[in-house]
Amino acid sequence: MFMIRSAEVYASDVRYKISSGNIGNVFAIHNTTGALYVAKALDYEKIKKYELRLTALDNFKENYTTVLINVCDVNDNPPVFDKSSYRTQITEEDDRGLPKRVLR
């Protein structure tokens, strides 16, 4: 007895890939499930938006889709002083309007 496999496409026959837009290879895709992952650290200050083109292929055909990814900014940089040192002066007798700003 022998079996002939029909021309049906099985889910395991579909392969996925990122065709374009993956600047710096920061994203990865699982080639059999199509699950999209962040593979490297994102940096909002460098790239705020990605437009990935994904391809799904089987043994006979292929199809495309576009995924738009907006990177949200987080406060990941420490505060910075403009100068390494500041000087100011205040008189000890000047106690009007306390508290008084000394430096900004």
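## A side chain that reaches back

The side chain of N22 gets to within a polar contact of F27, sitting 2.8 Å from the backbone oxygen of that residue. (A polar contact is a pair of N or O atoms within 3.5 Å; within protein, one must be able to donate a hydrogen and the other to accept it, and residues adjacent in sequence count only if both atoms are side-chain atoms.) You'll find N22 in the loop between β1 and β2. With a relative accessibility of 18%, N22 counts as buried, where buried means under 20% relative accessible area, exposed means over 50%, and partly exposed is in between, using a 1.4 Å probe and protein chains only. Not counting residues up to four places away in sequence, N22 touches F27 and L52; touching, or contact, means heavy atoms within 4.5 Å.

## What you're looking at

This is a predicted model, in which local features need pLDDT of at least 70 and side-chain atom pairs count only at pLDDT 80 or more, while totals for chains, interfaces and linings use all residues. Residues are numbered from 1 along each chain as its sequence is written, and side-chain values use heavy atoms, with hydrogens and water left out.

The protein has 0 helices and 5 strands, so in this scheme the pattern along the sequence reads β-β-β-β-β. (Helices are DSSP runs of H or I with at least four residues, strands are runs of E with at least two, and numbering starts at the N terminus.) Of the 104 residues, 12% are buried. The protein exposes about 9400 Å², and carbon and sulfur atoms supply 52% of that, going by the Shrake-Rupley method with a 1.4 Å probe, where for residues only the protein chains shown count as cover.

## Rings and charges

There are 2 aromatic pairs in the structure. Rings of Phe, Tyr and Trp (its six-membered ring) pair if their centres lie within 6.5 Å; planes under 30 degrees apart are stacked, over 60 edge-to-face, and the rest tilted. Take F27 and Y50: their ring centres are 5.0 Å apart and their planes meet at 85 degrees, so this pair is edge-to-face. F27 belongs to strand β2 and Y50 to strand β4 (residues 49-57), so the pair ties together parts that are 23 residues apart in sequence. Both F27 and Y50 are buried.

The charged end of R53 sits over the ring of Y64, 4.0 Å from its centre, and K48 lies over the face of Y44, at 4.7 Å from the ring centre. To count, NZ of Lys or CZ of Arg has to be within 6 Å of the ring centre and within 35 degrees of the ring normal.

## The nonpolar core

Which residues make up the largest nonpolar core? Its 9 residues are I18, V26, F27, I29, Y50, L52, L54, I69 and V71. (A nonpolar core is a set of buried Ala, Val, Leu, Ile, Met, Phe, Trp, Tyr and Cys residues joined through side-chain atoms within 4.5 Å.) β2 and β4 are the elements that give two or more residues to this core, and β4 has the largest share, with 3 residues. Leaving aside neighbours within four places in sequence, I69 is in contact with F27, L36, K48, K49, Y50 and L52.

I23 is in the loop between β1 (15-20) and β2 (27-29). I23 and Y50 are 27 residues apart in sequence and 7.8 Å apart in space, C-alpha to C-alpha.
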